[in-house]
Amino acid sequence: MATDLDKDFPYEKLGMDAEALWRSLANRLEYSVGKDIYTANLRDWFRSLAYALRDRMAERWMETMRGYYREDSKRIYYFSLEFLIGRTLYNSILNLHIEPGVREALLRFGLDLEQIRELEPDAALGNGGLGRLAACFLDSMATLGLPGYGYGIRYEYGMFKQRIEDGRQLEQPENWLRYGNPWEFSRAEVLYPVHFYGRVVDYVNEVGMLRHHWVDCEEVMAMAYDTPIPGYGNQTVNNMRLWTAKSSREFDLRYFNQGNYIQAVADKNESENLSRVLYPDDSTTMGRELRLKQQFFFVSASLQDILFRHHKHHPGFDDLPDKVAIQLNDTHPAIAIPELMRLLMDVHDIGWDAAWNICRRTFSYTNHTVMPEALETWPVALVEEMLPRHMRIIYEINRRFLDEVRHRNPGDLDLVRRVSIIDETGGRRVRMANLAIVGSHTVNGVAQLHTDIIRETIFADFHRLDPDKIINITNGVTPRRWLNQANKPLSDLICLRIGDGWLRDLRELRGLEPLAEDTGFQEAFRAAKQSNKERLAGLIESRLGIHVDAASLFDVQVKRIHEYKRQLLNLLHVIHLHDRMCAEPGADWVPRTVIFSGKAAPGYDMAKRIIKLIHDVADVVNHDPRINGLLKVVFIPNYDVSTAGDIIPAADLSEQISTAGTEASGTGNMKLSLNGALTIGTLDGANVEIAAAVGEENMFVFGLRREEVRHLRDEGYDPMRFIQSSRALANVLRKIHEGYFSPAELERHRPVVEDLRREDRYLVCADFEAYLAAQERVSELYRQPEIWTRRAILNVARMGGFSSDRAVHEYAKRVWKVEPVKQK
């Protein structure tokens, strides 16, 4: 019946040529935007083009979904609190292979694609690496033809828009939906109830089995919005389904009739706050409660949706793990484990043992941290109040798990305490990582060093209990976004010399290796880099009013502002370099532009102090006539995907300088190397594997190794020992402490210096001299452009193993057990 309907349905197949696109633009402008060519502004044309592209993706999308149903495919559901997808317009054009046609169609209306694409806001659905990884994985799943879905929250406002005022970070609402979102389809009919609070009633059913009923709850409705995710150069278009909160009570007429208009919509507003903002400030009780609500809201709606879809085509749920793979992207979605248990037992009348078997075979969990303090926990009292049924299920999961641990390890009470899902020390808390491990069939780290660390430290007990459970799958990035789209000068050069096969198989970049010795290719490679640097220099001048020399070494550190990422170490070197330039004005200095970008969490005081210090140092350095512009410091505000696309292709030097043993993986390191930047870095996270792939001789490796960090801390780290043994470090810290960079407020930066002298948790002082020596090697090599370019080319050529396609293929084979579905 479905096949006959499909055959008889009067589809109008849309063309991909310039003529068809031109007609679609005109139609969409008039019929969807409601304008004509006389009244339309550039934003209207952007929306018209987006609708025309969405139409073409929708054709493939519908056929992709029908294909999955025909094949009864096992599907991947990627649960993530973030999807940092950035802009969609140009990515869709490239993935659909229609750029020439789009440009020609726009030209017939007197329009330029570059102007149009700049009007699109970044989708503010994420914050950092975790969200960008999720977006790369969606792209790769579609490109590999894997039946993959993303599930998350449709945030009305992003984390925040970062504005810098007087050198200080100010947070503003990031209203990315101000002009609507032309890529999404609202699904008002896809609506699921999500419950909070209430109480649990126990009863015995008609066959004498104990059952539980969750009653007297608050109810919020989850409504779906779907966004098509196109694969590159194929017919697959997958789905990202995001949930928005809707009140189950739109309007209280009693209050309205009494003239109390605010109270009439109070319930509606409170319910819909759930999806209002990404990562509410969890420094308050209300903020923590909202964050847990968000996590449960999206996993409950997603699980109900998955079970509904499965039940339409399968009589029961025994085969759910054979048809469904759910990946938990960090611990944020881990509450999905007791929620799936609740749905199976309380709604579908499945017994505990069968439900638990289904659950454990369905979930897998990706860990993204090595630091115990970063592992998410929730107060038991909060979970009991907000999700009373789930707390009972967690208790029972824990009881059964600990009984098994005791049976296998009799008398080892410390082991039982350490692996328990409930932390009984210092206030009872639910350990979400432990819950995720116990409730999943596979756990993975995201770089080999990271995986080794979690096996040896934070998850050592679980690794001993089940040595095969924790595996490594190193992160990757999509080359379509981060080279083909972000860096057209280099992408076009590569395609000219070795073809475009690397866009689907990044290992083909190996074909560039012989060209590293080719002087003609070196010149073309340098020209591509210089073109990107000139573009970025223009953006810096137009946006920030700072003139930078595009021929200088662009030294780039772009990432979240955090002490362990050690922007401070970079800045201390800047101050030292400035001192030396002032002391030796006639020396042969390498001109250098040091570029920072990144956001600090709103409640993270030290990170905000570092941002202010960067600006104060920049203010002195950039206006010092003694150095004649040889050194510039730039902080580019509001780092997001599009800003990354501006900065990364222009980078000469990639700063990956976290304390060894603190970074899980990193993906910025991969993006920068892929774009021909040389890395200065510690052997931390994926830097270790990048060094093995490109060769340590093609990087600037420095600093303490992980084992040395551990030994130094074990023996009692004293930063003053390193400060007293380094005249350069002592001098730099003295200048900051005495107010050299803050003459109007001499004590402004003393807390930064005092923290380094007293504690220096991330060993900035210990690595300072080694970092200075590595930076000397950087300057020396930059004076030799042929050697520098050769090493940059080899970095690009040897990055084939760091594609998200490779990572997703590994997940599909080793974790999800899912095969590609070939579309017609």
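## Nonpolar cores

In this predicted model, the largest nonpolar core has 124 residues. Phe 79, Phe 196, Trp 243, Phe 297, Phe 459 and Trp 816 are the members with the most contacts inside that core. Helix α11 (residues 285–313) supplies the largest share, with nine residues. Another core lies apart from this one and has 119 residues, including Val 556, Leu 674, Leu 678 and Phe 741. As background, nonpolar side chains tend to be buried together in soluble globular proteins.

What does Phe 79 contact, leaving aside its neighbours within four places in sequence? Its partners include Tyr 151 and Phe 298, as well as Val 299, Ser 302, Leu 303 and Ile 306. Also among them are Ile 326, Gln 327, Leu 328, Asn 329, Pro 333 and Ala 336.

## Aromatic pairs and a cluster

A search of the whole structure turns up 23 aromatic pairs. One of them joins Trp 61 and Phe 185: the ring centres are 5.2 Å apart and the planes meet at 45 degrees, so this pair counts as tilted. Because Trp 61 belongs to helix α3 (residues 42–71) and Phe 185 to strand β5 (residues 185–196), the pair ties together parts that are 124 residues apart in sequence. Both Trp 61 and Phe 185 are buried.

Tyr 782 and Trp 788 make an edge-to-face pair, with 5.0 Å from centre to centre and 90 degrees between the planes. Tyr 782 is buried, and Trp 788 is buried too. Elsewhere, one aromatic cluster is formed by Tyr 77, Phe 79, Tyr 149, Tyr 151, Tyr 192, Trp 243 and Phe 298. Phe 79 and Trp 243 from this cluster are also listed among the residues with the most contacts inside the largest core.

## Arginines over rings

Two arginines deserve a look. Arg 43 lies over the face of Tyr 179, at 3.8 Å from the ring centre. Arg 117 lies over the face of Tyr 90, also at 3.8 Å from the ring centre.

## A threonine in a loop

Is Thr 659 buried or exposed? Its relative accessible area is 0%, so Thr 659 is buried. This residue sits in the loop between β20 (653–656) and α27 (668–674).

A polar atom of the Thr 659 side chain lies 2.7 Å from the backbone oxygen of Tyr 762. Not counting residues up to four places away in sequence, Thr 659 touches Tyr 564, Arg 566, Asp 684, Val 709, Arg 713, Tyr 762 and Leu 763.

How values were computed
Residues are numbered from 1 along each chain as its sequence is written. This is a predicted model: local features need pLDDT of at least 70, side-chain atom pairs count only at pLDDT 80 or more; totals for chains, interfaces and linings use all residues. Side-chain values use heavy atoms; hydrogens and water are left out. Rings of Phe, Tyr and Trp (its six-membered ring) pair if their centres lie within 6.5 Å; planes under 30 degrees apart count as stacked, over 60 as edge-to-face and the rest as tilted. Helices (H or I, at least four residues) and strands (E, at least two) are DSSP runs, numbered from the N terminus. Buried means under 20% relative accessible area, exposed over 50%, partly exposed in between (1.4 Å probe, protein chains only). A charge sits over a ring if NZ of Lys or CZ of Arg is within 6 Å of the ring centre and within 35 degrees of the ring normal. A polar contact is a pair of N or O atoms within 3.5 Å; within protein, one must be able to donate a hydrogen and the other to accept it, and residues adjacent in sequence count only if both atoms are side-chain atoms. Contact means heavy atoms within 4.5 Å. A nonpolar core is a set of buried Ala, Val, Leu, Ile, Met, Phe, Trp, Tyr and Cys residues joined through side-chain atoms within 4.5 Å.
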